[in-house]
Structure formats: C-alpha cells, structure tokens
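Topics are grouped for reference alongside the sequence and coordinates.

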Amino acid sequence: MIISIDFGNSKVKCAYPDRTGQTVAVKNGHGGNGLRACVYIDGSGQCLVGDDAHEQGFVDPQNVVRHFKLSLGSDQKLLGGKNAAELAEILILAAKQFAEKQAGESVDAAVISVPANFTDKQKKALQQACESAGIKVLRVISEPAAAAFAYAEQNSSNKRGSKIAVYDLGSSTFDCAICESNGDEILVLATEGVQKLGGDDLDEVLKQVILDKLEKKTGKDCRVALSDPFFALDLDTRAAGAKISLGKRDKVQIPMSLKGQHYVISVTKAEFEKAIKALIERTLDCLDKLFATAGITVRDLTSLYLVGGPSRMPFIQDMVANRTGMVPRMEIDPEMAVAHGAALVAVSEMAKQGTPARIGGDTIPQPDAFLKEATHHDIGIAVEDRSGGGKRIVNAVVVAKNTPVPCKVPPQYFRLESPDQRDVLIEILQGPDRADIKDCLIIGRLELNDLPVEAARSPRIEIKCEFDQNTFVTVTARDTISGKEVSVRVEVLK
Ligand SMILES: Nc1ncnc2c1ncn2[C@@H]1O[C@H](COP(=O)(O)OP(=O)(O)OP(=O)(O)O)[C@@H](O)[C@H]1O
Ligand SMILES: [Mg+2]
C-alpha cells in the first residue's frame, strides 16, 4: 500500500488512502496521531521511539534525541553514533510498522513532504532515510503545497482559477504557499518559508519568561541550572504544556524545582503574547512576501487556511486575520493536514505512473486533480561583476524561484573571465539575482579543463538547468567551441 510521510520536527505523521479515497491518519500505538520525533538509544543498544523514548528520556536524558529534523543532511552524530538521517530511518521504520498494523497491509511506497525551503541535500537525506527503511519514494513535495492539495480536494467546489493560501506554522519551520486550481491541476504559484521558526521557538521564548521569573523569585542565577539535563528537560516540558494552556486560559501556574526547592511561577496570557508577538510578525512578513512573489493580493484569494499545531492559538489566528483582513479557515486537523494532502498526492502519482493505487484488493478512486509544484529557490552561477568599478563575484540567476516543475529552462551563455583562460570552475549558487557570492549557498561545482583559447571572447559556455518534479536540479555546462560537457545533479557543498 501507499502512505504519506510528513516527517515533522515534533511528530512523524503518516496517512493512507482507504478504498473510498478518503485518507486515514496513522495512530502511534498510544492512541494519538503521529509518532513523536524522539529516539532513545542507551549504551547497551536498547532503542526506543516515540512516546516510549520520550518517557525514558526523563530517566536518562543524555541518551535521548528530539526534534532533529533541521539536522537532516548533516553528518554530525547526534546519538548512538548516528546522524539525523540514520535516526530518521529508525522513526520512519517504526511509523511504517504502525501503518501496516493499522491497515493490515505492507507499505511499499510513499510521498514524502519537506519544508518549502529545505535544500536538495536535506531533501535527499530524508528520501534516503525512507528508502533505507524499505519504502520507495514516489514523490518529494513541499509541506504547504501538500496541505493546499488536501484543502483543494476537500472543496471540489474550488473552481478553475480559484486561489488558496496556506499558512503552516509547525514546530521548527514556517512555510506558506499559494496554489491555483486550473481544473485538472493544482499549481503552486509561490512558496516562502523561514527555517527555524515554529512552536519550539515559542517554547524557547516562554522558557526565558519562566527563567526570568524564577530568578526574581529565588534571587539566584537559574540559567546555570540548564546544564543539569533533568532541570533542562523539566523546563522544556513545562513550557511546551504552558504554551498550549495559554491559548485557552488567561493565566497558568507552572511548578518548577530548583536545587531541591519547589516554586510556582505564574505567567499570564498577555505576558506570553507580548513576548511572542515579534516572532509571529515575522511569519506575517513572510506571508506578505509570498503575495508579492505570487503577484496577487489577499482579495484575489478564495480561502486562507491555517496549518501546523501552533496555528491553534487564537492569538495567531487573530494576528493573521488582522494582517490579511481575511478570516482564516481550519477544517482539517492542523497537525495532520500535510500528511492527508501528501497521501492524496500519492494516489494521483500512482495513477500517473500507470499503476492505480490499491488497498485490500480494491482500486482507490483518484483525486480530481494533480499537484504541480514549482522551484523553491533562485538557482544561478557565479559571474564576475565589474559594474561598480571594483570586481565582485555575484549570482547570475539561471532559473528563478517558483518556476513550474518539471522543467528544462532554455540554455544561457556566459563568457570566460579572461581571454587566455584554459580551465573554468563553475559554481552553482542558491540565492537572489546579483547577490554577492558570499551571501549565497554554493550547491554545486562543475569544471571544464583544457579549453581551446579563442581569439575574441564570446559567450561560449552554455549552462542548462533541468528540474525534476521533486524539484531536484541537474546543471550541465558545455563549452560550445570544443563541445566539452560536464553535468552535476546538485547537492549542497557547504
Ligand atoms: N493548541 C496548541 N497551541 C499552541 N501550540 C500547539 C498547540 N497544539 C500543538 N502545538 C504545538 O504545535 C507544534 C507541533 O505542530 P506540528 O505537528 O504542526 O509540527 P511539526 O509538523 O512536527 O513541525 P514542522 O512542520 O516544523 O516540522 C508543537 O510545537 C506543539 O507544541
Ligand atoms: Mg509540519
């Protein structure tokens, strides 16, 4: 059977389509949806996942790792000699087993979702983690586009030309997207995102409020106590719980223990909201940018949907409504919307590949439309810029962000830097047009050597870019004089 995997920073959420075409959330064995993104590995090799790992973490906090999604793609060992992708594989394998137990069928393939501005290296790390767990990856899609697809399919009344926006505040990232329906396709017009802005950051702000109050109460420097893993974990847990309570109550009382003494810290809703306001403003600024890049205004929208756990906070709903002038909607469980949408995309992808999805021997009805994504970054190459008098190396964008995929963009031609040049190193950059190279991410390098020297310098180096439907990019450089050609499937180098 096919599933979706929304590898969230706080929970791995999966869904699968049933025989009616509805999508079903995968439970975690403790009754709730999704598997807590937590792994415990001790010295004897005992490995626990999800809530079990979380609980064991209170006893042995050194051997537990939580919320490591943003480390995907990094080789850093986080726990038990394993990097983030290897730990992700453990969680994905467990999530797969929960899905199989619930549906009574084995999982073969999945559509996976990632934050809009994940790099190719991060995406590939998650893709490989799934494949190592024995799951074929049908497609990699962006989280806000997946949620938009779920809503578009739910409201089939969304006619040709209708436009919807998704505001997705998760635990680690903020993502947003605008999609348009053209009848057969849901087209992603634009995505934006902020990595490292989510529920964890709201928790962090609340932790600082609690620590300030604890310091006032005790007259002690409480921050030194953060080196005690038991104190640090207690504070994390209390803050995460208080954040949710403050959405419903005007004041919470938080029990804290410090050096054997017990204290009660009171935090009011007003204090918390004042402390997090600047963070929420950043998400709204990002939303403004999204409208600007999509070239539309809020008035052009059919609906605006909120996704992600923190979007349950009335304060956030009010701030979104005030900034946009539109009442946001939330008909699907905000933590599961991405997984539901990605499971529908999996059904349409199977149909497109000519093997309609089945479950329990039945063919699953197809969604009305197909999701068509767009690129998430500006991709260019490093060129010399002497326009200001001095010499600068800047990004010359070859493929602009939000270009529909899959695509092959028309080739572009560049000169060599100097007339007698025989070798050229082409750096592929992720970043805005004309941005200084030091402000861009170098995502690939191509070398052409032993080139013939030409009498008069001409734009002779041909650069071609090709994006697949998972927004992975391949860049090819060809010397049009000698015919030499090199190609690279791009990954992040630094
Ligand atoms: N009622 C609530 N009020 C405030 N925050 C909430 C509420 N319910 C859940 N959260 C927060 O939502 C976050 C989890 O949301 P979600 O499942 O959407 O994130 P995620 O998908 O794991 O993260 P990401 O998308 O960043 O990878 C947690 O930070 C959690 O504390
Ligand atoms: Mg999420």
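**Lead points**

Asn 402 lies in the loop that connects β20 and β21; helices (H or I, at least four residues) and strands (E, at least two) are DSSP runs, numbered from the N terminus. The model is predicted: local features need pLDDT of at least 70, side-chain atom pairs count only at pLDDT 80 or more, and totals for chains, interfaces and linings use all residues. Residues are numbered from 1 along each chain as its sequence is written, chains are lettered from A and ligands numbered from 1 in the order in which they are written, and side-chain values use heavy atoms, with hydrogens and water left out.

**Backbone geometry in loops**

- Asn 402 has a positive phi, near 70 degrees, although the residue is not glycine.
- Asn 402 counts as buried because its relative accessibility is 14%; buried means under 20% relative accessible area, exposed over 50%, and partly exposed in between (1.4 Å probe, protein chains only).

**Helix α9**

- Helix α9 spans residues 337–352, 16 residues in total, and reaches 23 Å from its first C-alpha to its last.
- This reach is close to the 22 Å expected at 1.5 Å a residue, where the expected span is 1.5 Å times one less than the number of residues.
- Because 14 of the 16 residues of α9 are buried, the helix is largely enclosed by the rest of the structure.
- Gly 354, which follows α9, has a positive phi, near 85 degrees.

**An open four-stranded sheet**

- Four strands make up an open sheet with antiparallel pairing, in the order β20-β19-β23-β24; two strands pair if DSSP finds at least two bridges between them.
- At the edges are β20 and β24 (441–448), each of which pairs on one side only.
- On average, neighbouring strands of this sheet are turned by 35 degrees against each other, direction ignored; the axes are lines fitted to C-alpha atoms, for helices over the stretch in contact, and angles run from 0 to 180 degrees between N-to-C directions.
- Seven bridges link β23 (residues 424–430) with β24 in the antiparallel sense, and Gln 430 stands opposite Leu 441 of β24.

**Glu 192 and its surroundings**

- Glu 192 is part of strand β12 (residues 185–195) and, because its relative accessibility is 5%, counts as buried.
- The side chains of Glu 192 and Lys 401 are joined by a polar contact of 3.2 Å, that is, a pair of N or O atoms within 3.5 Å; within protein, one must be able to donate a hydrogen and the other to accept it, and residues adjacent in sequence count only if both atoms are side-chain atoms.
- Leaving aside neighbours within four places in sequence, the residues in contact with Glu 192 (heavy atoms within 4.5 Å) include Phe 174, Cys 176, Cys 286 and Lys 401.

**Ligand 1**

- Ligand 1 is surrounded by 20 residues, the closest being Asn 9, Lys 13, Lys 69, Ser 172 and Lys 243; a residue is near a molecule if one of its heavy atoms lies within 4 Å of it.
- An oxygen atom of ligand 1 lies 2.7 Å from a polar side-chain atom of Ser 10.
- A nitrogen atom of ligand 1 is 3.4 Å from an N or O atom in the side chain of Arg 312.
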